[in-house]
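The sequence and structure are shown first.

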Amino acid sequence: MSVAPSIAVPRTTFNPLPIYIALFCLLWSFAFVAGKIGVTSCPPLILLTARFSLAGILILAISAFRGEGWGLSWRDTLVFALIGVANNALYLGLGYTGLKTVSAGLGGLIVSANPVFTAGLAALFLGEQLTARKVAGLLLGITGVSFIVWHRMSVGTDSLHGVLFTLASLASIVLGTILFKVLAPQGSLWIGNGVQNLSAGIVLLPFAMNFSSVDDIVPSAPLFGAFAFLVLGGSILAYRLWFHLLRVCGATAASAYHFLMPPLGMLFAWMVLGEHVEFRDLLGIVPVALGIYLVTRPAAVPQ
């Protein structure tokens, strides 16, 4: 009797990365809307100081409750604190100040230029190869975003003052992205995110005390809802996903997903805030999506 040889069937491994990317994009883009709601009822610096401080305390308290060790060297703790100043305090401190006088949609548009500057600096300082395919993808992303910006500016009334603050915010997140890759902190990203938030809250506290007044806070259900989302969905979950993507995808590829923020941000701003959006705005999604594909597509393996 002959016995047929057994054939090993390869098992497919589940890759959660696409889910992480989709969740990150949704959380990050909606944060512009939640931020806009927040700054209309609360001074930006007070809102951010409370947000970062509470998020940092929650993260570290949860870690202590679960019995997790610190897991960070002094060097890595200081690096995470420095990145927290750039990626949290400066990026959102400047960005939320800009949101006082620009729409949530335009704020997201400006910050979405992040991949262009990150790709250039990553090629200079990180040795990430800037291939012709990646350049083409970045140019397509710029084209799509520029198309949306041009149309938005033609129908909007955004302040130049706010635009300048948002541009400074863009420079801060690019700096924070490069610092994370250059300094490459090791250890738990969860604990590191707690350090980042706490350091950002500490840095912003004196500015909030000197340049803002609690009397300007207008308590409301939308404010509390926006604050809850910004703490839990923004500072805790979205930033945890962002630094995970930076580790596994590289600075250029991870930053390319910011090209998705303009259409998503405008869609959420239209749904929640009633901000003006037209079909022509959404046409910019096509080159943006193609650009992301070109930038993030794995290089062909030589046979």
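## Terms and model

A cavity is a set of points, on a 1 Å grid over the protein atoms alone, where a 1.4 Å probe fits but cannot get out. A pocket is an open set with protein on both sides within 12 Å along at least five of seven lines, and lining residues have an atom within 4 Å of a point. Grid points are joined across faces, edges and corners, and a volume is the space filled by probe spheres set on the points.

The model is predicted: local features need pLDDT of at least 70, side-chain atom pairs count only at pLDDT 80 or more, and totals for chains, interfaces and linings use all residues. Residues are numbered from 1 along each chain as its sequence is written, and side-chain values use heavy atoms, with hydrogens and water left out.

## Overall fold

The protein has 13 helices and 0 strands. Helices (H or I, at least four residues) and strands (E, at least two) are DSSP runs, numbered from the N terminus. Of the 303 residues, 49% count as buried; buried means under 20% relative accessible area, exposed over 50%, and partly exposed in between (1.4 Å probe, protein chains only).

Contact means heavy atoms within 4.5 Å. Among contacts between residues at least 6 apart in sequence, 94% join residues at least 24 apart. A separate C-alpha distance spans much of the chain: C25 and Y257 are 232 residues apart in sequence, and their C-alpha atoms are separated by 7.2 Å. C25 is in helix α1 and counts as buried at 3% relative accessibility.

## Cavities

How many cavities of 30 Å³ or more are there? The count comes to 2. The largest cavity holds about 120 Å³ of space. Its lining consists of L27, W28, A31, F32, R51, Y91, L92, Y96, G234, A238 and Y239. The elements that give two or more residues to this lining are α1 (17–41), α3 (74–99) and α9 (221–249), and α1 gives the most, with 4 residues. By class, the lining of the largest cavity has 9 nonpolar, 1 polar and 1 charged residues. In this scheme Ala, Val, Leu, Ile, Met, Phe, Trp, Tyr, Cys and Pro count as nonpolar, Asp, Glu, Lys and Arg as charged, and the others, Gly among them, as polar.

The second largest cavity has a volume of about 80 Å³. Its lining is made up of F32, Y91, L92, G95, Y96, G98, L99, V102, G107, V111, T166 and S169. Two or more residues of this lining come from each of α3, α4 (104–111) and α7 (160–183), and α3 supplies the largest share, 6 residues. The class counts for the second largest cavity are 7 nonpolar, 5 polar and no charged residues.

## Largest pocket

About 250 Å³ of space lies in the largest pocket. Of the 14 residues that line the pocket, the closest to its centre are L45, G93, L94, L204 and F207. The elements that give two or more residues to the pocket lining are α2 (44–65), α3 and α8. Helix α3 accounts for the largest share of the pocket lining, 6 residues. The pocket lining has 11 nonpolar, 3 polar and no charged residues.

Which residues of α5 (residues 114–126) are buried? They are N114, P115, T118, A119 and A122. Just after α5, G127 takes a positive phi of about 70°.

S199 is in helix α8 (residues 189–211) and is buried, at 11% relative accessibility. Leaving aside neighbours within four places in sequence, S199 is in contact with F80, A81, G84 and V85.

## Salt bridges

A salt bridge is a side-chain nitrogen of Lys or Arg within 4 Å of a carboxyl oxygen of Asp or Glu. The count comes to 2 salt bridges.

E68 is partly exposed, with a relative accessible area of 31%, and R66 is exposed at 57%. The other joins D76 to R75, with the closest N and O atoms 3.2 Å apart. D76 is buried, with a relative accessible area of 8%, whereas R75 is partly exposed at 43%.
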